[in-house]
Amino acid sequence: VNDAAVVFDVLEGQVVVVNLDSGAYYILEGTAGHIWQLLAAGQATTEVAATLAHHHAADPAVVAAAVEEFVGQLAAEA
């Protein structure tokens with residue numbers, strides 16, 4: 001997370017992310033919001049995937065692929 005260009009806040013269970021450079025904003029709910037918060041806390045994508053796989057009792061490989069896809073979408077928006 002580029003703190004200088006991107007800010008976020010959690011409001012009523014949703015993560016609101018604003019890119020100050022572009023003016024774009026995003027509302028992340030559910031798992032997407034959880035991923036964002038873990039990344040913002042400094043966890044690597046592998047750690048995020050492991051945390052989510054454990055929390056949801058899901059296949060770690062499937063979760064890792066989904067996290068990588070989500071992070072790729074975030075990076076494309078930067």
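What percentage of the 78 residues in the chain do buried residues make up? Buried residues make up 23% of them, where buried means under 20% relative accessible area, exposed means over 50% and partly exposed lies in between, with a 1.4 Å probe and protein chains only.

## Basis of the model

This is a predicted model, in which local features need pLDDT of at least 70 and side-chain atom pairs count only at pLDDT 80 or more, while totals for chains, interfaces and linings use all residues. Residues are numbered from 1 along each chain as its sequence is written, and side-chain values use heavy atoms, with hydrogens and water left out.

## Overall layout

The chain has three helices and three strands, and their order along the sequence is β-β-β-α-α-α. Helices (H or I, at least four residues) and strands (E, at least two) are DSSP runs, numbered from the N terminus.

The C-alpha trace spans about 35 × 25 × 15 Å along its principal axes. Of the contacts between residues at least 6 apart in sequence, 24% join residues at least 24 apart; a contact means heavy atoms within 4.5 Å.

## Strands and hairpins

Strands β1 and β2 pair in the antiparallel sense over six bridges, and β2 and β3 also pair in the antiparallel sense, over four bridges. Two strands count as paired if DSSP finds at least two bridges between them. Valine 15 in β2 stands opposite valine 10, and in β3 its bridge partner is leucine 28.

The hairpin of β1 and β2 has two residues between the strands, and glutamate 12 in the turn has a positive phi of about 50°. The hairpin of β2 and β3 has five residues between the strands, with glycine 23 at a positive phi near 85°.

Asparagine 19 counts as buried because its relative accessibility is 12%. Its side chain reaches the backbone nitrogen of serine 22 at 3.1 Å. Leaving aside neighbours within four places in sequence, asparagine 19 is in contact with Ala5, Val6, Ala24 and Glu77.

## The nonpolar core

In soluble globular proteins, nonpolar side chains tend to be buried together. A nonpolar core is here a set of buried Ala, Val, Leu, Ile, Met, Phe, Trp, Tyr and Cys residues joined through side-chain atoms within 4.5 Å. The largest such core has 16 residues, of which Ile35, Val48 and Val67 touch the most other members. The elements giving two or more residues to this core are β2 (14–19), α1 (30–40), α2 (45–56) and α3 (60–77).

Isoleucine 35 lies in helix α1 and counts as buried, with 6% relative accessibility. Not counting residues up to four places away in sequence, isoleucine 35 touches Val48, Leu52, Val67 and Phe70. With the sequence neighbours within four places again left aside, valine 48 is in contact with Ile35, Leu38, Leu39, Gln43 and Val67.

The buried residues of α1 are Gly33, Ile35, Trp36, Leu38 and Leu39. Their cover includes β1 (6–11), β2, β3 (25–28), α2 and α3. Glycine 42, which follows α1, has a positive phi near 100°.

The structure holds one aromatic pair. Phenylalanine 8 and tryptophan 36 form this pair, which is edge-to-face, at 5.8 Å centre to centre with 75° between the planes. Phenylalanine 8 lies in strand β1 and tryptophan 36 in helix α1, so the pair ties together parts that are 28 residues apart in sequence. Rings of Phe, Tyr and Trp (its six-membered ring) pair if their centres lie within 6.5 Å; planes under 30 degrees apart count as stacked, over 60 as edge-to-face and the rest as tilted. Tryptophan 36 is buried, with a relative accessible area of 7%, whereas phenylalanine 8 is partly exposed, at 35%.

How values were computed
Polar contact = N/O pair within 3.5 Å; in protein donor to acceptor, adjacent residues only side chain to side chain.
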